[in-house]
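Please read them with the structure open.

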Amino acid sequence: AAVTLLALGNGAPDAFASAAALRGEGGLPRAGLAAILSAGAFVSAFVVGAVSLIAAPFAVPPASFTRDVFLYLLAASALFYIYLSAEIFLWQAVGLVLFYVFFVGLVFYMDLGAAGKAVSSAEQETANGMSRGAMDLPVSVEHQKQRKASLWTVLTKVTRVWDWPVTFLLKLTIPSTLPSEWNKFYVCANICLCPLILLYSFSSFIPLDSRIVFLLPQIRFPLWSVVLLVSFCLALSHFRFEKESPETENIASTLISFVMSVFWISTMAGELLNCLAAIGVIMDLPPAILGMTVLAWGNSVGDLVADVALAKNGQPTIAIAGCFAGPMFNMLVGLGTALVMQTAGVYPKAFVLEFHVGIVVAFVFLLLSLMATLLVVTWARFRVPRFWGYCLMGLYILFTIVSIAIGSSSG
């Protein structure tokens, strides 16, 4: 379960950004595919190497490690075969998404029996971490005063001023799921604004200015005005009659919070791709180079920070699992969903894939890093050696140099 949650948290922004590029929202369909593969190579080589250098040598569960790496290798090989065929059908795109569903089901099935032991181990590590944290707490009052008066604290307060507009906007549109954070004003704003934002997200299917009959039979109102009026009335009634915060978390608010978070992630992904397209036009850079460098590195920063933090906190096994499950989510769900949309538009014909030698190189390096990691760790009796971290980092540096050289020469 921890593997799938870590993959979802790390891979969701990556999947939206790369899928948006593949759909052509930023005008860079080739960059989207290149970014997915390059991000996978970055995480499976550079991030795994960083985790290895921090925590190695450490043991990994044989069954879980073999499952994650082998299924990722199998999915990447299948996608490579589809790419070499230069076309993809609807059933193949749907198969990519279903393959990740199969992976999640297999993870829960295999880890279900060990859930009790995992919880006990996690509780023990948490207790040890709390005891270590209590020992590391500063006991000097003068030291605390010095920290509060430091320049870093001043800079932090300045950055909070910059963060306030963004935080305020997110609170207006994303409901809080914790009863302790309940605020009547923000809840009313959520009720009023969320339906309108969701309508805007589906504007490609239902235009905002669609005329419908509402209350008055002879007058047709724009759809957005009707939704705004209804949601505003519901917000007023909630503000009038709701007095206390809920005692427990609400499933409906949690679901709406997740949907709105996905909306903002998707919106920011689209804006990122627009900026990426502008950079490419201004600097006259090939789309493949942008996808393999800027977008891939930007997408993978979250994986690097999260997995390295887990390794430093004494949980390298979960970090290694996230290094393979996150990019797999990005490739199968993000890319698979985009391909489903593309192939559904040309069904029953196949969607033609544009060939580029840089993408083939990305496939080769990704498959090479996965196969080599599986063989080396298995040879070391399922222990990650430290020297393998240097090898993986060197492999990714070589991949970056080769990709930039090919992208610069071919465009």
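1. Salt bridges. The model is a predicted one. Searching the whole structure turns up 1 salt bridge. Its partners are aspartate 68 and arginine 67, whose closest N and O atoms lie 2.9 Å apart. Aspartate 68 and arginine 67 are both buried. As background, side chains of opposite charge can pair when their charged atoms come close.

2. Confidence. Mean pLDDT for the chain is 75. A value of 70 or more is reached by 73% of the residues. Two stretches deserve a look. Residues 23-29 have pLDDT below 50, yet this stretch has 17 contacts in the model beyond near neighbours in sequence. Residues 129-145 also stay under 50. For residues 129-145, the model has 3 contacts beyond four places in sequence.

3. Overall make-up. The chain contains 14 helices and 6 strands. It has 411 residues, and 39% of them count as buried. Take the contacts between residues at least 6 apart in sequence: 81% of these join residues at least 24 apart.

4. Helix α9, length. Helix α9 covers residues 223-241, 19 residues in total. From first C-alpha to last, α9 reaches 27 Å. That is close to the 27 Å expected at 1.5 Å a residue.

5. Helix α9, buried side. Which residues of α9 are buried? They are Leu223, Val226, Ser231, Ala235 and His238. These residues lie on the same side of α9, because they cover an arc of only 165° around the axis. What do the buried residues of α9 pack against? Their partners are helix α8 (184-201) and the strands β3 (211-214) and β4 (216-222).

6. Serine 261. This residue sits in helix α10, which runs over residues 251-283. Is serine 261 buried or partly exposed? Serine 261 counts as partly exposed, because its relative accessibility is 26% and the buried class requires under 20%. Leucine 170 is 91 residues away from serine 261 in sequence. In space, the two are 8.8 Å apart, C-alpha to C-alpha.

Technical notes. Residues are numbered from 1 along each chain as its sequence is written. This is a predicted model: local features need pLDDT of at least 70, side-chain atom pairs count only at pLDDT 80 or more; totals for chains, interfaces and linings use all residues. Side-chain values use heavy atoms; hydrogens and water are left out. Helices (H or I, at least four residues) and strands (E, at least two) are DSSP runs, numbered from the N terminus. The expected span of a helix is 1.5 Å times one less than its number of residues. Buried means under 20% relative accessible area, exposed over 50%, partly exposed in between (1.4 Å probe, protein chains only). The arc is that of the directions from the helix axis to the C-beta atoms. Contact means heavy atoms within 4.5 Å. A salt bridge is a side-chain nitrogen of Lys or Arg within 4 Å of a carboxyl oxygen of Asp or Glu. pLDDT is the predictor's confidence in each residue, from 0 to 100.
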